[in-house]
Amino acid sequence: LMWVNTLSNIYAYIDVDINPSLNFTIDRNGKVKALDPLNDEAREIIRGVEFKDMLFTEALAQVIELSKVQGIIDENKTNYVLICAALNDSYNTKDKSLAESELEDFLGSIREDIEKAYGSTIRPETVKVPFEYRTMAKENNISMGRYLTYRKLEDRGADLSIEELKSFEIDEILKQYNMDFDELLETEYSEAPDKAEPTGES
């Protein structure tokens, strides 16, 4: 569901993984300028809902509520919501470091809002990643969160295919490879190397 926009006005890309995987494009005011469902569950969740120019925080709350209604979020257990954001490399600003800092603050406020609203039912995990992760994720039609998972497990020598990455929830994949979210979100990366191109081959 892409809407007309100019690239220089796009502030950031934010991917949300519940099991629906969605890519949001936002402006500096935090309004949704584009929305791309990345799997069938996401397409079903957003069907008939208008997100254009909605504040991202409101859009995320709506996606969470729709996920609860459809039974994707189980209120009897802890559900992980992974939110990855990347500052648009083409964003027109004189102070990139300030924009990066503001994006981190924005992610922090999102995490706090979810924790207050849902308590132990939802555990939000937020992380800012390099723009290169957005590029690689888009090329492979996966979320930045799933690409981050791929990179981290690849660093551990795991033999993980792109289809596995698409087919299972991220917390299931992490359990399979004995990794927790704290390890996943450690930000020791600098940029995505050219070799890190997941394919359908395992």
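This is a predicted model: local features need pLDDT of at least 70, side-chain atom pairs count only at pLDDT 80 or more; totals for chains, interfaces and linings use all residues.

Reader: Let's start with the rings. How many aromatic pairs does a search of the whole structure find?

Author: Eight aromatic pairs turn up. Take Tyr-11 and Tyr-91: their ring centres are 5.4 Å apart and the planes sit at 70 degrees. Planes over 60 degrees apart count as edge-to-face, and that is how this pair is classed.

Reader: Which parts of the chain do Tyr-11 and Tyr-91 come from?

Author: Tyr-11 is in the segment before strand S1 (12-17), while Tyr-91 is in the loop between strand S4 (79-87) and helix H3 (96-118), so the pair ties together parts that are 80 residues apart in sequence. Both tyrosines are buried, too.

Reader: And how do the rings of Phe-24 and Phe-51 sit relative to each other?

Author: Their planes are at 80 degrees and their centres 6.5 Å apart, so this pair is edge-to-face. Phe-24 belongs to strand S2 (residues 21-26), and Phe-51 to the loop between helix H1 (40-46) and helix H2 (56-69), which puts them 27 residues apart. Phe-24 has 0% relative accessibility and Phe-51 has 1%. Buried means under 20%, so Phe-24 counts as buried, and so does Phe-51. Together with Phe-56 and Phe-106, these two make up one aromatic cluster.

Reader: What lies over the face of Tyr-13?

Author: That's Arg-134, at 3.9 Å from the ring centre.

Reader: Now for charges. What's the idea behind a salt bridge, and how many does the search find?

Author: Side chains of opposite charge can pair when their charged atoms come close. Across the whole structure, the search finds eleven salt bridges. One of them joins Lys-68 and Glu-65, whose closest N and O atoms are 3.8 Å apart.

Reader: How are Lys-68 and Glu-65 placed along helix H2?

Author: Here's the general idea: an α-helix has 3.6 residues a turn, so residues three or four places apart point the same way. Lys-68 and Glu-65 are three residues apart in H2, about one helical turn. Lys-68 is partly exposed at 23%, and Glu-65 is partly exposed at 36%.

Reader: Where do Glu-183 and Arg-156 lie?

Author: Glu-183 is in helix H8 (residues 181-184), and Arg-156 is in the loop between helix H5 (144-155) and helix H6 (162-167). They are 27 residues apart, so to find them you look at distant parts of the chain. Their side chains meet in a salt bridge of 2.3 Å, N to O. Glu-183 is partly exposed at 27%, as is Arg-156 at 43%. Elsewhere, Glu-100, Glu-104 and Lys-128 are linked in a network of salt bridges.

Reader: What about the nonpolar residues? Which of them have the most contacts inside the largest core?

Author: In soluble globular proteins, nonpolar side chains tend to be buried together. Here, the largest nonpolar core has 34 residues, and Phe-24, Phe-51, Phe-56 and Ile-83 have the most contacts inside it. The elements giving two or more residues are S1, S2, strand S3 (32-37), H1, H2, S4 and H3. H3 provides the largest share, six residues. There is also a second, separate core of 27 residues, with Cys-84, Met-144, Leu-165 and Ile-173 among them.

Reader: What does Ile-83 touch, beyond its neighbours within four places in sequence?

Author: Its contacts include Ile-14, Val-16, Leu-60, Leu-107 and Ile-110, along with Glu-125.

Reader: Last one: how many residues of H5 are buried?

Author: Ten of its twelve residues are buried, so H5 is largely enclosed by the rest of the structure. Among them are Met-144, Tyr-147, Leu-148 and Arg-151. From its first C-alpha to its last, H5 reaches 16 Å, close to the 16 Å expected at 1.5 Å a residue. Just after H5, Gly-157 takes a positive phi of about 85 degrees.

Technical notes:
Residues are numbered from 1 along each chain as its sequence is written. Side-chain values use heavy atoms; hydrogens and water are left out. Rings of Phe, Tyr and Trp (its six-membered ring) pair if their centres lie within 6.5 Å; planes under 30 degrees apart count as stacked, over 60 as edge-to-face and the rest as tilted. Helices (H or I, at least four residues) and strands (E, at least two) are DSSP runs, numbered from the N terminus. Buried means under 20% relative accessible area, exposed over 50%, partly exposed in between (1.4 Å probe, protein chains only). A charge sits over a ring if NZ of Lys or CZ of Arg is within 6 Å of the ring centre and within 35 degrees of the ring normal. A salt bridge is a side-chain nitrogen of Lys or Arg within 4 Å of a carboxyl oxygen of Asp or Glu. A nonpolar core is a set of buried Ala, Val, Leu, Ile, Met, Phe, Trp, Tyr and Cys residues joined through side-chain atoms within 4.5 Å. Contact means heavy atoms within 4.5 Å. The expected span of a helix is 1.5 Å times one less than its number of residues.
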